[in-house]
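Please open the structure in a viewer and keep the selection tool at hand.

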Amino acid sequence: MINANGAEFWVERRGQGPDVLLIAGLGDPAEVWQAQLDGLSDRYRITAFDNRGAGRTPLPEGPLSVPGMADDAAALLRALDIPAAHIAGFSGGSLIAQELALGHPGLVRSLVLMSTWARSDAYLRTMTGFWHWMAERAPSERAMLDAFYLWVYTPRAHADGTVEGFIEETLAFPHPQSTEAFQRQLEAFRTHDTLDRLAQITAPTLVLAGELDRAAPPRLGRVVAEGIPGARFEVLPGEAHQPFQEVPDVFNARVDAFWREVEARG
């Protein structure tokens, strides 16, 4: 555990090389990045952590906010004596990464924003509103995951047993997220809005979207890329919301190439 910004954060670290900070999304503990901790640590020093209210990091009193969670990430980097890092954020974690780049630009070497958005549209607001009450009314944790993962993984992953494997891993995880923590994280993410400030981001940025993503479709990621000066936008064909888990080799190769390019520029 690392003390930062008035809280104790669970942190996983692996490897040697340029620093990379991985920021997880709604409900996800650091373990969601296992394929990156394993697959990229031969070239980078990878840090992943549990956001407030996820995994082993306690849920604080009062509302959560994306800028506040970005301050957590900044404090964590400073507590670990990391002067600047490549930042990769997924879904809600990509929103935290945006605010980190806006509020603490000196800590951000580059940005990878996966399954991202700048401002909720009507579809996203309705979807996340449904998730909010679904978390309370689902008859069991398994039923909640069965429903929630329809927005997260590809039909391919549902058909070949991959999703069932993820469900079993989640049910076996000894630090489940409470309904309150899920809802409070969700509320912070659904009210996120950087649309009018994206032009202030100066870090080299790669925006990735899954072609089949229903939770954060490519049209939302394109808006983010168009708002950040010089950002690149790429769609991963045939993928959904969480390709870094479904096709980790593809994801790892793409971010590795981007980080190598940024490092080569100096």
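The stops that follow cover paired strands, nonpolar cores and salt bridges.

This is a predicted model, in which local features need pLDDT of at least 70 and side-chain atom pairs count only at pLDDT 80 or more, while totals for chains, interfaces and linings use all residues. Residues are numbered from 1 along each chain as its sequence is written, and side-chain values use heavy atoms, with hydrogens and water left out.

**Strands**

Select residues 45-49, which form strand β5; helices (H or I, at least four residues) and strands (E, at least two) are DSSP runs, numbered from the N terminus. Four of the five residues of β5 are buried, so this strand is largely enclosed by the rest of the structure. Buried means under 20% relative accessible area, exposed over 50%, and partly exposed in between (1.4 Å probe, protein chains only).

From β4 the chain crosses through helix α1 (residues 34-39) to β5, a right-handed β-α-β crossover: with the strands pointing away from the viewer, the path from the first strand over the helix to the second runs clockwise.

**Nonpolar cores**

Select I23, I87, L111, W131, F148 and Y149, which touch the most other members of the largest nonpolar core, a group of 63 residues. Such a core is a set of buried Ala, Val, Leu, Ile, Met, Phe, Trp, Tyr and Cys residues joined through side-chain atoms within 4.5 Å. Helix α2 (residues 66-79) contributes the largest share of this core, eight residues. Apart from this core lies another, of 23 residues, among them W33, L40, Y44 and F258.

**Salt bridges**

Which residue pairs with R14 in a salt bridge? Select D38: the two side chains meet at 2.8 Å, N to O. A salt bridge is a side-chain nitrogen of Lys or Arg within 4 Å of a carboxyl oxygen of Asp or Glu. R14 lies in strand β3 and D38 in helix α1, 24 residues apart.

Finally, select D121 and R219, whose side chains meet in a salt bridge at 2.4 Å, N to O. D121 is in the loop between β7 (108-114) and α4 (122-137), whereas R219 is in helix α9 (residues 218-227), 98 residues apart.
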